[in-house]
Amino acid sequence: QTWLSKGVFVNTPIVYKYTTALHWSLTQFTPASMDVSATNTAERVYSIVVLLFALVTFTSFVSSITTSMTYLRKIRSEPERQEAILREYFYANKITAELGQRVWNFLWVNHFSIKKRLHEDDISILGLLPDFLRWKIREELYQPVITRLPFLAEYNLWNQTGVQELCHYALQEVSLIAGDELFSRGSWADKTFFITGGTMEYVHSSQNLCGNVREKDCVCEPALWLKWFHCGRLTAKTTTEIAQLDITQFRETLMRYEAGIDFVVNCKRTFHEYMALHPRSDLTSMPLDLVRYVTREARKTLRGTASSRSSMSSDATFSRCSS
């Protein structure tokens with residue numbers, strides 16, 4: 001005798017039997033009752049096994065939900081904690097409620113409600129990795145970004161090790177919110193900027209040189225080659241992510257390697273000539289065609305030097321043989 005041989009199930013359709021079995025299985029995973037019960041030893045043993053499995057499964061499921069809710073509550077508690085500290089500060093310094101509310105509203109709109117991209121510095125556990133693994137992460141993260149600049153894309157073909165070293169030591173991530181200023185007119189330029197997300201507005205004294213700067217754009221390339229002061233002001237229109245290249249580290253890295261040094265020198269000279277023919281702007285960048293022209297000239301010079309050395313070596317060998 002089984003539960004199917006009970007009078008209520010004898011002449012019922014197969015669909016009703018199936019849904020009843022499904023109902024019974026669901027009740028084993030939740031604290032619920034059911035009018036179907038075991039009628040023999042085999043069914044009783046099966047019910048016990050299912051209950052034990054359901055106990056472990058349901059407990060794990062509830063535990064994972066509890067952990068997630070605790071994490072979400074912790075994230076939400078940070079703004080509340082900051083608000084409590086801010087209100088205590090306002091109360092201790094007798095700041096009016098109206099001004100305090102305006103300050104908090106501004107912080108909520110421009111800080112707490114904005115989701116910024118995680119940066120390497122935000123993940124402390126990465127500090128436990130060995131150097132070679134962290135360098136690999138930085139290479140995969142930054143090399144596609146900086147090689148958008150035509151010069152660095154070509155230089156990567158001459159000296160990939162140098163470009164990788166720039167990724168390791170010369171780059172840093174920065175986040176801006178709407179309205180933040182990256183640089184102002186007349187300030188000293190010590191970094192070149194690669195926009196990795198968002199939109200910015202560049203304001204120049206000449207209306208023709210104003211414009212928006214978007215993802216994948218590069219700003220302030222002239223600082224790589226010239227003693228440069230910013231010619232305009234750059235501010236964020238939206239939440240913006242930036243990778244900034246340190247100019248001092250850039251120059252030290254390039255001078256450390258002989259590979260591609262002729263190409264670098266020719267690029268510097270060509271950029272000076274290019275800038276002499278164009279208005280001064282932080283958005284000025286040497287075109288890819290011009291960089292490739294410099295590359296071809298540098299390769300010709302390299303082949304000519306190698307040919308001269310080979311000829312001199314042959315002449316010296318012939319002279320020794322003749323004597």
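Predicted model: local features only at pLDDT ≥ 70, side-chain atom pairs only at ≥ 80, totals over all residues.
Residues are numbered from 1 along each chain as its sequence is written, and side-chain values use heavy atoms, leaving out hydrogens and water.

Let's start with residues 45–72, which an unreviewed UniProt entry annotates as "transmembrane region" (such annotations may be inferred rather than shown by experiment). This stretch is 100% helix and 0% strand, with its end C-alpha atoms 41 Å apart. Helices here are DSSP runs of H or I with at least four residues, and strands are runs of E with at least two.

Next, find helix H6 (residues 150–158) and helix H7 (residues 160–169), whose axes (lines fitted to C-alpha atoms over the stretch in contact, with angles from 0 to 180 degrees between N-to-C directions) come within 6 Å and cross at roughly 125°. H6 and H7 are therefore oblique to each other. Leu152, Tyr155, Asn156 and Trp158 of H6 touch Gln160, Val163 and Leu166 of H7, contact meaning heavy atoms within 4.5 Å.

Finally, look for the open sheet of four strands, ordered E1-E8-E3-E6 with antiparallel pairing; two strands pair if DSSP finds at least two bridges between them. Strands E1 (171–176) and E6 (218–219) are the edges, each pairing on one side only. E6 joins strand E3 (residues 191–197) over two antiparallel bridges, and Phe194 stands opposite Cys218 in E6.

Methods. Parallel < 35°, antiparallel > 145°, perpendicular 65-115°, else oblique.
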